[in-house]
Amino acid sequence: MEVLSRNSSFLLDGLINTILLSLSCLGIALVLGVLVGVLQTSRHAIVSMLTRGYSELFRGLPIVITLFLVFFLLPEAGISVNNYVSAMIALSLWSSANISVAVRGAIESIPPTQTEASLALGLSPIQTMRYVILPQAVRRMLPSVIGLMSNLIQSTSLSVLVGNRDFLKSAQLVIERVELMQGLSIAMQMYTLVLAVYFILCYPLSILAKRMERSYR
């Protein structure tokens, strides 16, 4: 408790950084994922092929590889980004690719007769997607998206590999500092704290996803 009290502000900064990174990635991933998922159902073969290729690429790559690609390739292209932004871009690409698959599956689960009826009533394809298909698809994809939110929060811990100081990195620095100054081994206690915090952040989302899945079933 003495170590926690002395380093509480330092750990809190790391926790806030983790939460902000998760929220920013989620916002970007939702917008990009829904857009890519809708385009994957397009009747234009090139659009559908490119967007499906995007999803398969970033779903197939390990998150660590995506982190390193963004972190090292963007500066080579003349785009200067810090550790936080590079981690946000990489995690958003991975999350949006997974969300797009959930969106596509939800849209394709809607009976095609609804699209045909909407077009017969005079709605344009965009209006049909906005007012008829998407409102129903959202209910079906929400459980999967909420589950992905939990995975995203856990995956933010990988941002330490590109130098971002999140909650896990803050805990590691506290361990190194205390062991260097006092010779005390507090690694087990600090990592237990990290485990508890991530569990508190992710478990409610898992419960919510399960309840919504049962409800919509």
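## Basis of the model

Because the model is predicted, local features need pLDDT of at least 70 and side-chain atom pairs count only at pLDDT 80 or more, while totals for chains, interfaces and linings use all residues. Residues are numbered from 1 along each chain as its sequence is written, and side-chain values use heavy atoms, with hydrogens and water left out.

## Overall build

The secondary structure of the protein consists of eight helices and zero strands, where helices (H or I, at least four residues) and strands (E, at least two) are DSSP runs numbered from the N terminus. Read from the N terminus on, the order of elements is therefore α-α-α-α-α-α-α-α. The C-alpha trace spans about 75 × 45 × 25 Å along its principal axes.

Of the 217 residues in the protein, 40% are buried, a class that means under 20% relative accessible area, with exposed meaning over 50% and partly exposed in between (1.4 Å probe, protein chains only). Contact means heavy atoms within 4.5 Å, and among the contacts with a separation of 6 or more, 75% join residues 24 or more positions apart.

## Helix α1

Helix α1 covers residues 2-40, and its 39 residues should span 57 Å at 1.5 Å a residue, since the expected span of a helix is 1.5 Å times one less than its number of residues. The end C-alpha atoms of α1 are 54 Å apart, which agrees with that expectation.

## The cavity

Rolling a probe the size of a water molecule over the atoms shows where empty space is left. On a 1 Å grid over the protein atoms alone, a cavity is a set of points where a 1.4 Å probe fits but cannot get out, whereas a pocket is an open set with protein on both sides within 12 Å along at least five of seven lines; lining residues have an atom within 4 Å of a point. Grid points are joined across faces, edges and corners, and a volume is the space filled by probe spheres set on the points.

The structure holds one cavity of 30 Å³ or more, and the largest cavity contains about 30 Å³ of space. Its lining is made up of Leu-26, Trp-94, Ser-95, Ile-99, Val-145, Leu-148, Met-149 and Leu-152, and the elements that give two or more residues to this lining are α4 (83-108) and α6 (125-155). Helix α6 gives the most, with four residues. By class, the lining of the largest cavity has seven nonpolar, one polar and no charged residues, where Ala, Val, Leu, Ile, Met, Phe, Trp, Tyr, Cys and Pro count as nonpolar, Asp, Glu, Lys and Arg as charged, and the others, Gly among them, as polar.

## The pockets

The largest pocket holds about 630 Å³ of space and is lined by 22 residues, of which Thr-41, Ser-42, Arg-43, Pro-125 and Met-129 lie nearest its centre. Helices α1, α4, α5 (112-120) and α6 each supply at least two residues of this lining, and α6 gives the most, with five residues. The lining of the largest pocket divides into 14 nonpolar, five polar and three charged residues.

The second largest pocket holds about 160 Å³ of space, and among the residues that line it are Leu-26, Met-149 and Leu-152, which also line the largest cavity. Helix α1 gives the most to the lining of the second largest pocket, with five residues, and this lining has eight nonpolar, two polar and no charged residues.

Ile-110 lies in the loop between α4 and α5 and counts as buried because its relative accessibility is 4%. Not counting residues up to four places away in sequence, Ile-110 touches Ile-133, Gln-136, Ala-137 and Arg-140. The C-alpha atoms of Ile-110 and Ile-133 are separated by 7.0 Å, although the two are 23 residues apart along the chain.

Thr-128, in helix α6, also counts as buried, because its relative accessibility is 3%; beyond residues up to four places away in sequence, Thr-128 touches Thr-115, Ser-118, Leu-119, Leu-123 and Ile-133. Gly-27, found in helix α1, counts as partly exposed because its relative accessibility is 34%, and its C-alpha atom is 9.7 Å from that of Ser-96, which is 69 residues away in sequence.
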